[in-house]
Amino acid sequence: MRPFSHRQNSEKQNSDRPHSRAGGRHELGQNFLRSPTTIATIVGLTRATTGSILEIGPGTGAVTAELYRLGRPLTLVEIDETRIAHLEHRFPRARVEHADALRTRFDAEVIVGNLPFHLTTPILRQLLRASTWRSAVLLTQWEVARKRAGVGGSTMMTAQWSPWFDFRLVDRVPAHAFSPKPSVDGGILTIDRYRTGLIPHRDRCSYQQFVRAAFTGRGRGIKGILTAMKITDRHRLHSTLDRNHIRGDALPRELSPKQWAGLYTALAQETTGNPTPNRAPSPTPTTPTTPRTARGKEETMRTDRGSKKTGTTAKGSGTSSGQSLAEAVAESQPTDAKPVITGELPIVGAEKPTARLEAPIPGVEAAGKSHDKAHLQAERGYMPQHGKKSQPQPRWNLPRRQG
């Protein structure tokens with residue numbers, strides 16, 4: 001009998017450990033880092049920062065041991081309750097929290113963590129919404145790290161947060177640097193918060209809505225997409241793109257953070273720069289003796305058409321005066337709501353056209369209404385559900401026609 005190898009022995013030890021109530025190794029995404037070179041890279045990036053440290057998922061404590069030697073305030077967030085006692089005993093000066101990273105307040109100045117590969121994007125969204133931390137050193141899946149850093153083109157998530165954060169790809173981590181070995185490689189990603197954002201933080205929701213509309217809009221290139229959104233007229237849009245050195249046929253993923261910020265700032269100033277007229281809109285004339293709800297359909301349609309003209313500008317001018325960019329983007333998005341004509345009264349006793357069409361015909365049974373096509377196809381030896389010819393059925397085997 002041959003002796004157990006080191007890998008088989010470690011797998012046996014892991015199988016003997018008690019399981020967490022949160023799930024097993026696959027559910028928790030526990031792929032522990034064991035490469036000394038990668039650990040040294042993460043610790044070196046963390047040493048270049050200042051302030052307290054919060055580590056997500058310390059696991060066996062390979063990275064935690066090096067962070068502990070820095071002598072800075074350290075908080076460990078671990079979801080596996082079976083490892084809490086070991087971490088508290090090994091790192092007595094650190095604060096150990098049994099919590100989920102998706103529900104944790106990132107109240108430290110530096111965030112370090114080997115993120116579960118299947119939860120990388122949700123944790124990143126939770127992290128970017130927090131406002132306390134300044135720097136983050138994260139080990140994520142390689143493709144996610146490339147996308148967040150904008151390698152090969154920016155993604156919508158990166159473009160939405162790039163005015164306030166700097167995403168950088170540091171190094172690639174091979175799969176054999178983890179234990180157990182995952183099916184994909186990892187990547188070290190750093191995120192630094194700008195002291196002064198390219199766009200004021202109060203405009204974050206409006207800017208992210210604008211970026212989302214541009215990424216999901218229809219058109220060829222950024223010029224075609226913004227033209228279809230009807231945010232501004234063609235002349236102003238062309239001059240705005242030229243000032244920010246943006247090609248008209250450039251895709252949204254090809255724009256840099258500075259180009260996104262410049263484009264949004266220019267369009268926001270153009271849409272809100274024109275002052276709103278001081279005169280109030282004139283009320284719709286109505287006959288005193290005739291109630292408003294008793295007007296005819298033609299008068300209602302004519303009144304609504306006139307009110308629409310007063311609320312918009314001339315043809316090709318884009319948004320109305322005094323309208324913000326967020327309102328213009330919201331109006332450009334397609335909605336499923338059907339237009340409602342105000343003031344139109346329903347006709348008493350009228351039925352829907354579909355209801356009249358679907359009404360049964362007197363003297364004809366509903367069960368034997370439309371079998372002629374199926375009978376003819378069966379006689380010709382064709383089965384439409386299979387798309388090929390079949391054996392013709394004998395006449396005596398066919399059901400009789402009804403009606």
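# A chat about a predicted model

Author: The protein has 16 helices and 11 strands; these are DSSP runs numbered from the N terminus, helices being H or I with at least four residues and strands E with at least two. This is a predicted model, in which local features need pLDDT of at least 70, side-chain atom pairs count only at pLDDT 80 or more, and totals for chains, interfaces and linings use all residues. Residues are numbered from 1 along each chain as its sequence is written, and side-chain values use heavy atoms, with hydrogens and water left out.

Reader: What is the mean pLDDT of the protein?

Author: The mean is 74, and 60% of the residues reach 70 or more. pLDDT is the predictor's confidence in each residue, from 0 to 100. Contact means heavy atoms within 4.5 Å.

Reader: And how many contacts does the model have for residues 274–317?

Author: There are 27 beyond four places in sequence, though pLDDT stays under 50 over residues 274–317. Where pLDDT is low, the predicted coordinates should not be read in detail.

Reader: Ok. What share of the residues is buried?

Author: Of the 403 residues, 35% count as buried. Buried means under 20% relative accessible area, exposed over 50%, and partly exposed in between, with a 1.4 Å probe and protein chains only.

Reader: Is Arg148 buried or exposed?

Author: Arg148 counts as buried because its relative accessibility is 7%. This residue lies in helix α7, residues 142–148.

Reader: Which residues does Arg148 touch?

Author: Not counting residues up to four places away in sequence, Arg148 touches Thr121, Leu124, Thr155, Met157, Thr158, Phe167 and Leu189. Between the C-alpha atoms of Arg148 and Ser162, 14 residues apart along the chain, the separation is 9.6 Å.

Reader: Switching over: where is Thr190?

Author: Thr190 is in strand β9, which covers residues 186–193. With a relative accessible area of 10%, Thr190 is buried. Leaving aside neighbours within four places in sequence, Thr190 is in contact with Leu45, Ala136, Val137, Asp166, Phe167, Arg168 and Val170.

Reader: And Cys205, buried or exposed?

Author: Exposed, because the relative accessible area of Cys205 is 58%. Cys205 sits in helix α9, residues 204–216. Its C-alpha atom is separated by 9.3 Å from that of Gln160, 45 residues apart along the chain.

Reader: What about Asn244, where is that?

Author: In the loop between α11 (234–243) and α12 (257–273). Asn244 counts as buried, at 16% relative accessibility. Apart from residues up to four places away in sequence, Asn244 touches Gln259, Gly262 and Leu263.

Reader: Which residues of helix α10 are buried?

Author: In α10, residues 221–229, the buried ones are Gly221, Ile222, Ile225, Leu226 and Met229. Just after α10, Lys230 takes a positive phi of about 55 degrees.

Reader: Last topic. How many cavities of 30 Å³ or more does a search find?

Author: A search of the whole structure finds 2. On a 1 Å grid over the protein atoms alone, a cavity is a set of points where a 1.4 Å probe fits but cannot get out, and lining residues have an atom within 4 Å of a point. Points are joined across faces, edges and corners, and a volume is the space filled by probe spheres set on them.

Reader: What lines the largest cavity?

Author: Its lining is Leu33, Ile42, Glu55, Val63, Val112, Gly113, Asn114, Val137, Leu138 and Leu139. Strands β5 (110–114) and β6 (135–141) each supply at least two residues of that lining. About 50 Å³ of space lies in the largest cavity.

Key: 1 Å grid on protein atoms, 1.4 Å probe; cavity = no way out; pocket = protein on both sides within 12 Å on 5 of 7 lines; lining within 4 Å.
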